Amino acid sequence: MATSIENNNAINASFPVLNMTCASCAISVESIVKTVNGVLNASVNFATARLKVTYLPGKTHPPALQKAVQSIGYDLLMEEEALEEEKLQAIHEKAFRTLKRKTIYAIILSLPVVVISMLFMDIPYAKEIIWLLATLVVFWLGKDFYSNAWKQARHRTANMDTLVALSTGIAYIFSVFNMLFPDFWLERGLDPHVYFEAATVIISFILLGKLMEENAKGNTSSAIKKLMGLQPKKVTILHEDRSEHQIPIEEVIIGDTILVKPGEKIAVDGIVTMGSSYVDESMLSGEPIPVLKTENEKVFAGTINQKGSLEFKVIKVGKETMLAQIIQMVQDAQGSKAPVQNLVDKIAGIFVPVVIMISIIAFTLWLILGAENGFVHGLLAAITVLIIACPCALGLATPTAIMVGIGKGAENGILIKDAESLQLAKKVNAIVLDKTGTITEGKPEVTDSKWLNEIEYKKAKQILYSIERQSEHPLAEAVVKYLQHRKSISLSSFESLTGKGAKAVHNQEAYFVGNKGLLLENNIFIAEELLLQADIWSKQSKTIIWFADKTKALSVLAISDRIKESSITAIKQLQDMGFELYMLTGDNEVTAKAIARETGIQRYKAEVLPQYKSEFVKDLQNQGKIVAMVGDGINDSSALASADVSIAMGKGSDIAMDVAKITIISSDLTKILQAIKLSKQTLTTIKQNLFWAFIYNLIGIPIAAGILYPINGFLLNPMIAGAAMALSSVSVVSNSLRLKWQK
């Protein structure tokens, strides 16, 4: 059970749902939970078997939700989150073992029924033997179908169990009637056939199909299992006297010092305090090359220390580690529904009643038009329609593809927050890239500076240092680092001017740090020699920072932020693929033009203030474009929220990652293309799955009803229909699993 509280005090909770067998089950659970007083919203994902619900705590509570779900034959797991996964796994393993045992028994008992029915009906007590065996299969091994169908019927709903119970129940009762009252048919010139073999084989095939389906569904969540397996169970704690002690991971607290030896997995997030080593972060970032970690660098839970020993101070444990957050994000995303799923849910909701209606119509038509064998053929047709029209394949088509797609993304360092973003990414035709931290490395360094008078402005450097120390802007950090040996002095006021720079007062004198526009705005004089130098640096794609008092510019500084190695490749690939690429930057026109030239980007906009980034995105949307915004900073948050698809670079701010629907952990721009490719592959898989699920029913149901009989005398055997139904679900899940191996 996972919970969170919304602003209106409503609670968002997530519970595993037990005992669901098909998409109709998911709709039944969703519908019953929505009827509970106090529930604001509910959604059930069949593939992940999870209920997401929003409710008002003053009006309802989890036990009431569980009671409602239990009333229609299902259950909710109410364990605490820490125990939930363990218990859920134990329940699934037990259910899988039970299903496997039932399937084996059903096949073993069905075989003699089929052999005797087909070849040895003349032996003594043949009908009695197959009756006994069929009774065991139908009412012992298949009793869940009947009990679940009954619970559904009590609430005037139906699901796959209803179809199975109706079809096998009718075949069984009809056979028993023919055994006990054979004269009824003999007097009418007809043989009193029994169909015990149909009932037993249908049960066996459906159990076998469910077994294969469960096995395949288990593989779709392999990405989560891999991530969960990354965290070690024990860690080595270093005490103050340098003694080592192994403790369970649950006992680690923030501030502990942990020793990681070569080859060991890192258990929690921390900052390196001693040693250096290469760390394999591929399971988090998708990048195969190990990263060198030295003092003061962050290490993350789930990564693997390769060569040297590392000592690090714990900064995050439990649910706060990056690994735990990634697992939570992937679980939430896999449980979300793509927009296309809404249509499928509506169809699945009315599917079973419609099939039952078709079955009755088929039986009635056979009875009226089928001459002397009309009743028997009509009965077989009705049974076959009920069997072949299983909505399982329909229910699995979308969620299994989403699960595999999002899992594959996570394995490659692309975290997708919800299925809607995955579906929408395919339609993107315009991509807006923030410059700093997105195209560039986001590690600006002051490379040059020019002062009007080096000696005279010694104190001014102290003022500049003091002003920039109070700013959180990345460029300010670069200036502080450049002037780090200066002595800080007190300022009487400091004001951050978003998108322009900062203003401060020292000894009643105002000073300005920022772009050229800030100086012009305040009528500050700029000497020609500074202007000429700034122009030269701008043409070298360097960012220019001005420092001035209230009358004149005192100095100009050039800041360089290296372009990432992958950016040029990524920009070329995306432009070659036909995407419209835009770069936004707060730099002046000359610098922006130089960066655009170096990276090969054809469209850019210079001197863009943060508040105008979202307006730029909206302008593109108004032109009919589907826009992806890629950024990493707090100043990109508004634009990320406005875009159709928002992509945050993982080494950026937490706010940007919170807002964005897709996060690229490694900050590698080529992953954008991978994310879009993944979206296309997933959508293609969904379409293929839906095509096969629909076409199977569109072709199968009329044939099962006997539409070919007047043409060539063909009537579909119910046993074949049972096998085909099972295989349809397996084929859909298998097709989804193909996504894993697509490049």
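Modeller: A helix here is a DSSP run of H or I with at least four residues, numbered from the N terminus. Keep in mind that this is a predicted model.

Biologist: How many helices and strands does the protein chain have?

Modeller: There are 28 helices and 27 strands in the protein chain. Of its 743 residues, 53% count as buried.

Biologist: Which residues form the nonpolar patch on the surface?

Modeller: The patch is made of Val115, Met118, Leu119, Phe120, Ile123, Tyr125 and Ile129. To belong, a nonpolar side chain needs over 30% relative accessible area, no salt bridge, and a link to another such side chain within 5 Å. Together these residues have about 700 Å² of accessible area.

Biologist: Which helix gives the most to the patch?

Modeller: Helix H3, residues 81-119, gives the most, with three residues. Methionine 118 has its place in H3.

Biologist: What share of the accessible surface of the protein chain belongs to carbon and sulfur atoms?

Modeller: The share is 56%, out of a surface of about 34,400 Å².

Biologist: Now the inside. Why does isoleucine 601 count as buried?

Modeller: The cut-off for buried is under 20% relative accessible area. Isoleucine 601 has 5%, so the residue counts as buried. Isoleucine 601 sits in the loop between helix H22 (589-599) and strand E24 (603-605).

Biologist: What does isoleucine 601 touch, not counting residues up to four places away in sequence?

Modeller: A contact needs heavy atoms within 4.5 Å. By that test isoleucine 601 touches Leu433, Ile571, Gln575, Leu581, Tyr582, Met583 and Ala596. Glutamine 575 is 26 residues away along the chain, and the two C-alpha atoms are separated by 8.1 Å.

Biologist: What part of the contacts with a separation of 6 or more comes from residues 24 or more positions apart?

Modeller: In the protein chain, such residues account for 67% of those contacts.

Biologist: Is histidine 377 buried or exposed?

Modeller: Its relative accessibility is 15%, so histidine 377 counts as buried. Histidine 377 belongs to helix H13, residues 374-388. Leaving aside neighbours within four places in sequence, histidine 377 is in contact with Trp366, Tyr709 and Leu715.

Biologist: Which residues of helix H2 are buried?

Modeller: In H2, residues 62-70, they are Pro62, Leu65, Gln66, Ala68 and Val69. Around the axis they cover an arc of only 160°, so they lie on the same side of H2.

Biologist: What makes the pair of arginine 562 and glutamate 441 a salt bridge?

Modeller: The rule asks for a side-chain nitrogen of Lys or Arg within 4 Å of a carboxyl oxygen of Asp or Glu. The closest N and O atoms of arginine 562 and glutamate 441 are 3.3 Å apart, and the pair forms a salt bridge. Arginine 562 lies in the loop between strand E22 (553-560) and helix H21 (565-576), and glutamate 441 in the loop between helix H16 (435-439) and strand E17 (445-451), so the pair ties together parts 121 residues apart in sequence. Arginine 562 is exposed, with a relative accessible area of 56%, whereas glutamate 441 is partly exposed at 33%.

Biologist: Where do aspartate 535 and lysine 539 lie?

Modeller: Both are in helix H20, residues 528-539, four residues apart, which is about one turn of the helix. Aspartate 535 is partly exposed at 33%, and lysine 539 is exposed at 52%.

Biologist: How many salt bridges does the rule give?

Modeller: The count comes to 12.

Biologist: Which strands are the edge strands of the six-stranded open sheet?

Modeller: The order is E7-E6-E8-E14-E9-E12, with antiparallel pairing. Strands E7 (244-248) and E12 (298-299) are the edges, since each pairs on one side only.

Biologist: How many bridges join strand E6 to E7?

Modeller: Two strands pair if DSSP finds at least two bridges between them. Five bridges join E6, residues 234-238, to E7, and the two strands run antiparallel. Threonine 236 stands opposite glutamine 246 in E7.

Conventions: Residues are numbered from 1 along each chain as its sequence is written. This is a predicted model: local features need pLDDT of at least 70, side-chain atom pairs count only at pLDDT 80 or more; totals for chains, interfaces and linings use all residues. Side-chain values use heavy atoms; hydrogens and water are left out. Buried means under 20% relative accessible area, exposed over 50%, partly exposed in between (1.4 Å probe, protein chains only). The arc is that of the directions from the helix axis to the C-beta atoms. Accessible areas come from the Shrake-Rupley method with a 1.4 Å probe; for residues, only the protein chains shown count as cover. Patches are made of residues with over 30% relative accessible area and no salt bridge: like charges are joined within 9 Å, nonpolar side chains (Val, Leu, Ile, Met, Phe, Trp, Tyr) within 5 Å.
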